[in-house]
Amino acid sequence: MVRTPHYGAVSTKGAAESPRATCADVDPELFFPVGDSGPALLQEEEAKTVCRRCPLQAACLQGALDRGEAAGVWGGMSEKERRSLKRRAARNRAS
């Protein structure tokens with residue numbers, strides 16, 4: 001079982017055949033820095049480093065966008081970066 005901050009326990013049974021998320025072995029608090037300056041920026045960059053090594057990075061980011069995750073680092077992007085990505089996508093659709 002893996003514990004996630006938003007969804008409680010998630011079963012990893014049968015996951016041996018599937019790629020494993022790199023963050024599964026990291027404290028979830030790393031991905032939820034408090035603030036947007038100083039130590040929080042360092043923590044955010046550390047979380048993104050974990051994401052860059054993950055085979056599930058793209059799927060994680062897409063899931064966060066689909067669910068409208070408003071906080072934390074998901075798929076290697078901060079909340080500000082995800083908001084910006086969504087705004088660009090909306091502008092492109094409107095064009």
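Modeller: One term to start: helices here are DSSP runs of H or I with at least four residues, numbered from the N terminus. With that, H2 is followed by Gly-68, whose phi is positive, near 70°. Keep in mind that this is a predicted model.

Colleague: Fine. How many helices and strands does the chain have?
Modeller: There are 3 helices and 2 strands. Along the sequence the pattern reads β-β-α-α-α.

Colleague: And what share of the chain is buried?
Modeller: Buried residues account for 26% of the 95 residues. As for contacts between residues at least 6 apart in sequence, 38% of them join residues at least 24 apart.

Colleague: Let's take H1. What span should it have, at 1.5 Å a residue?
Modeller: H1 covers residues 39-52, so its 14 residues should span 20 Å. The end C-alpha atoms are 20 Å apart, which agrees.

Colleague: Which residues of H1 are buried?
Modeller: Ala-40, Ala-47, Lys-48, Val-50 and Cys-51. They cover an arc of only 155° around the axis, so they sit on the same side of H1.

Colleague: What do those buried residues pack against?
Modeller: The buried residues of H1 pack against H2 and H3. Turned away from that buried side is a face with the exposed residues Pro-39 and Leu-42.

Colleague: Zoom in on Cys-51. What is its relative accessible area?
Modeller: Cys-51 has 9%, and because buried means under 20%, Cys-51 counts as buried. This residue of H1 is in contact with Phe-31, Gln-57, Val-73, Gly-75 and Gly-76, leaving aside neighbours within four places in sequence.

Colleague: How far apart are Cys-51 and Gly-76?
Modeller: In sequence, 25 residues. In space, 5.0 Å from C-alpha to C-alpha.

Colleague: Switching to H2 and H3. At what angle do their axes cross?
Modeller: Roughly 75°, and the axes come within 11 Å. H2 is residues 57-67 and H3 is residues 79-94. Angles of 65 to 115 degrees count as roughly perpendicular, so H2 is roughly perpendicular to H3.

Colleague: Which residues make the contact?
Modeller: From H2, Leu-61, Ala-64 and Leu-65. From H3, Arg-82, Leu-85 and Lys-86. By class, that contact has 4 nonpolar, no polar and 2 charged residues.

Colleague: Which residues of H2 are buried?
Modeller: Leu-61, Gly-63, Ala-64 and Leu-65. The buried residues of H2 pack against H3.

Colleague: Back to Lys-86, then. How accessible is Lys-86?
Modeller: Lys-86 has 41% relative accessibility, so this residue counts as partly exposed. Lys-86 is in helix H3. Not counting residues up to four places away in sequence, Lys-86 touches Leu-65 and Gly-68.

Colleague: How far apart are Lys-86 and Leu-65?
Modeller: They are 21 residues apart in sequence. C-alpha to C-alpha, the distance is 8.0 Å.

Colleague: Last topic, Ser-78. Where does Ser-78 lie?
Modeller: In the loop between H2 and H3.

Colleague: Is Ser-78 buried or exposed?
Modeller: Buried. Its relative accessible area is 6%, and the cut-off is under 20%.

Colleague: Which residues is Ser-78 in contact with?
Modeller: Leaving aside neighbours within four places in sequence, Ser-78 is in contact with Glu-44, Lys-48, Gly-72 and Val-73.

Notes: Residues numbered from 1 in each chain as written. Predicted model: local features only at pLDDT ≥ 70, side-chain atom pairs only at ≥ 80, totals over all residues. Heavy atoms only, no water. Axes fitted to C-alpha atoms, helices over the stretch in contact; angles between N-to-C directions. Parallel < 35°, antiparallel > 145°, perpendicular 65-115°, else oblique. Contact = heavy atoms within 4.5 Å. Nonpolar A, V, L, I, M, F, W, Y, C, P; charged D, E, K, R; others polar. Expected span 1.5 Å × (residues − 1). Buried < 20%, exposed > 50% of the residue type's maximum accessible area, 1.4 Å probe, protein only. Arc of directions from axis to C-beta.
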